[in-house]
Amino acid sequence: MNDIVRYIANFVLFTLIQVLILNNIGVGWYLNPFIYIVFIMILPLDTPGWVLLLAGFFSGLTIDFFSSTPGLHAAASTFLAFLRPLLLGVLIPRDDYSAGTQPSVNFFGWGWFFRYTLLLVVIHHTTLFLLESLSFSHLPSTLLKILTSSIFTIGLILLSQLYRPGNQKLR
């Protein structure tokens, strides 16, 4: 029960940061940080697939509601939640964690977490911005938007890891 409250608090925290701060920063058309995906990224490694898909869908739908982007974030976040177990299967050896372990810097170290974040952010942003443009005619500007937004989002996610409580097993 305590874990569920913590995950709901994470959802609310990252959604509020996204909606109240990051969506209102006017840093240009090419720079759109989306830190709300941290909620999906830090769910425990043994989270059932259906829970991941629902969490991805509802977190994206919440951002869509506040951003007036009908379904774009829901689609990108659901796709991210779908791919997460596959990517974790490639990145983590099967016996390297126990039940309830969260993917975090505290447990897996900075190098692993950077690779994990890089993959998930680039997948999310590529999906989101390609759906947003719905065309390859603006491909150079879309690729620039993916690149700049991914770099900024990765920086914010890594920064958020500095303020995570708890010191589990550090590698």
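Visitor: Where is I8 placed?
Guide: I8 lies in helix 1; a helix here is a DSSP run of H or I with at least four residues, numbered from the N terminus. The model is predicted, so local features need pLDDT of at least 70 and side-chain atom pairs 80 or more, while totals for chains, interfaces and linings use all residues. Residues are numbered from 1 along each chain as its sequence is written, and side-chain values use heavy atoms, without hydrogens and water.

Visitor: Is I8 buried or exposed?
Guide: I8 is exposed, at 51% relative accessible area (buried is under 20%, exposed over 50%, partly exposed in between, with a 1.4 Å probe and protein chains only).

Visitor: Which residues have the most contacts inside the largest nonpolar core?
Guide: They are I37, M41, W112, F113, Y116 and I157, in a core of 39 residues. Such a core joins buried Ala, Val, Leu, Ile, Met, Phe, Trp, Tyr and Cys through side-chain atoms within 4.5 Å.

Visitor: And which helix gives the most to this core?
Guide: Helix 6 does, with seven residues.

Visitor: What does I37 touch?
Guide: Leaving aside residues up to four places away in sequence, I37 touches L80, V121, H124 and I157 (heavy atoms within 4.5 Å).

Visitor: Now the rings: how many aromatic pairs are there?
Guide: The whole structure holds nine; ring centres of Phe, Tyr or Trp (its six-membered ring) lie within 6.5 Å, with planes under 30 degrees apart stacked, over 60 edge-to-face and the rest tilted. F57 and F58 make an edge-to-face pair, 5.3 Å centre to centre with 70° between the planes.

Visitor: Which residues do ring pairs link into a cluster?
Guide: The cluster consists of F107, F108, W112, F113 and Y116. F107 is buried at 8% relative accessibility, and F108 is buried at 4%.

How values were computed:
Helices (H or I, at least four residues) and strands (E, at least two) are DSSP runs, numbered from the N terminus.
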